[in-house]
Amino acid sequence: MKKALKIISRIALGLLIAALVVPFLIPVETSGTKTYQEAAGSSASFAQAQGIDIYTDITEFDCQEQDNCDNPPVFILLHGFGANTFSYRFVSEPLSTYGDVIAYDRPGFGFTQRPTSWEGENPYGSAGNDLILDDLIQTYAARRDVYLVGHSAGGTQAAQYVVDNPEAVKGLILISPAILTTGGNASSFNWIFSIPQLDHLGPLLVSSIASSGMDLLDRSWFDKSKITDEIKAGYRAPLEIIGWEEGFWEFNRAPRTFDVKSRLGEIKIPTLLITGDTDVVVATADTEALATMIKDSSLVVIPRSGHLAQEENPIETMQAIDDYWNSLSR
């Protein structure tokens, strides 16, 4: 009996040592070959926010003779999970007929710098994203009217910012916002992601987004025949960045403590909700439900459209935004 227990103890000890040591023997390498600046291109624009370089795609106000060209409003665009400013390419210019348009890559995505250490608030978490938006508003829209446009997870962040900063934003446009389905990592469980073995393997574990992201893109369109090689390349371009896997791992383990779902009654600004009639990523019914929860909001359901209405049906999306904008001046 003693001999059997000794053998079992040695086996258990061996397994424990293997569990502690083997993860560190697995090489974790990046598939990227360029810095974030190189991947973004020589004409790229970056803004400093919370100590990191935030990639910005700026479309200046296309002021017409009949307009008041002084102090125009600013539209700030927040993209969804796995996306970047590329997802707004068809609506940025039309929006510029109303004001300056600032689309930016949220930390963990696109061409924004992906730090692995920082001072203060985690830039990948929901609170850090609020602070980054604070900085961008100060940089581009100080003492100007601000309108937030958020798609999917970016819609959740935009709505969270509004309830956290009720005086900072004049209007809200949410495209298939993931508010009713939003989750996140509670801070009390974040220690799990800091276990050294898991932290070492984390970038390898999340690197599958390189292929699964294309599956998500496919699910996001009603008419999949519209997904061209050019579109796929636009979404895959940030995967050229050295260490993109580490940045995406940091995003996945960052604390996200959204409480906007329970605070929808605090949204008092004009709000437009847009969804495709065949959204299977954030169910069409979820956005329709939000229209009953946000006071005086308006809802537009775009036919033959999936999760990315601003890409798949940009004309119809802009018509909804045009109607919303015109209603503000009545």
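Author: Let us begin with burial, for which one cut-off is needed: a residue counts as buried when its relative accessible area is under 20%, and as exposed when that area is over 50%. Please keep in mind throughout that this is a predicted model.

Reader: With that cut-off in hand, which residues of helix α8 are buried?

Author: In helix α8, which covers residues 229-236, the buried residues are Ile231, Gly234 and Tyr235.

Reader: Within what arc do these buried residues fall when one looks down the axis of α8?

Author: The general idea is that an α-helix has 3.6 residues a turn, so residues three or four places apart point the same way. In the present case, the buried residues of α8 fall within an arc of 95 degrees when seen down its axis, so they line one face of the helix. Asp229 and Glu230, on the other side of α8, are exposed.

Reader: Turning to packing, at what angle do the axes of α4 and α5 cross?

Author: An angle from 65 to 115 degrees counts as roughly perpendicular. The axes of helix α4 (residues 126-141) and helix α5 (residues 153-164) cross at roughly 75 degrees and come within 10 Å, and the two helices are therefore roughly perpendicular to each other. From α4, Ser126, Asn129, Asp130, Leu133, Asp134 and Ile137 take part in the contact, where they meet Gln157, Gln160, Tyr161 and Asp164 of α5.

Reader: Where is cysteine 69 found, and which residues does it touch?

Author: Cysteine 69 is found in the loop between β2 (52-59) and β3 (74-78), and, leaving aside residues up to four places away in sequence, it touches Phe61, Cys63 and Gln64. Cysteine 69 counts as partly exposed at 41% relative accessibility, and cysteine 63 is also partly exposed, with a relative accessible area of 24%.

Note on methods
Residues are numbered from 1 along each chain as its sequence is written. This is a predicted model: local features need pLDDT of at least 70, side-chain atom pairs count only at pLDDT 80 or more; totals for chains, interfaces and linings use all residues. Side-chain values use heavy atoms; hydrogens and water are left out. Helices (H or I, at least four residues) and strands (E, at least two) are DSSP runs, numbered from the N terminus. Buried means under 20% relative accessible area, exposed over 50%, partly exposed in between (1.4 Å probe, protein chains only). Contact means heavy atoms within 4.5 Å. The arc is that of the directions from the helix axis to the C-beta atoms. Axes are lines fitted to C-alpha atoms, for helices over the stretch in contact, and angles run from 0 to 180 degrees between N-to-C directions. Angles under 35 degrees count as roughly parallel, over 145 as roughly antiparallel, 65 to 115 as roughly perpendicular and the rest as oblique.
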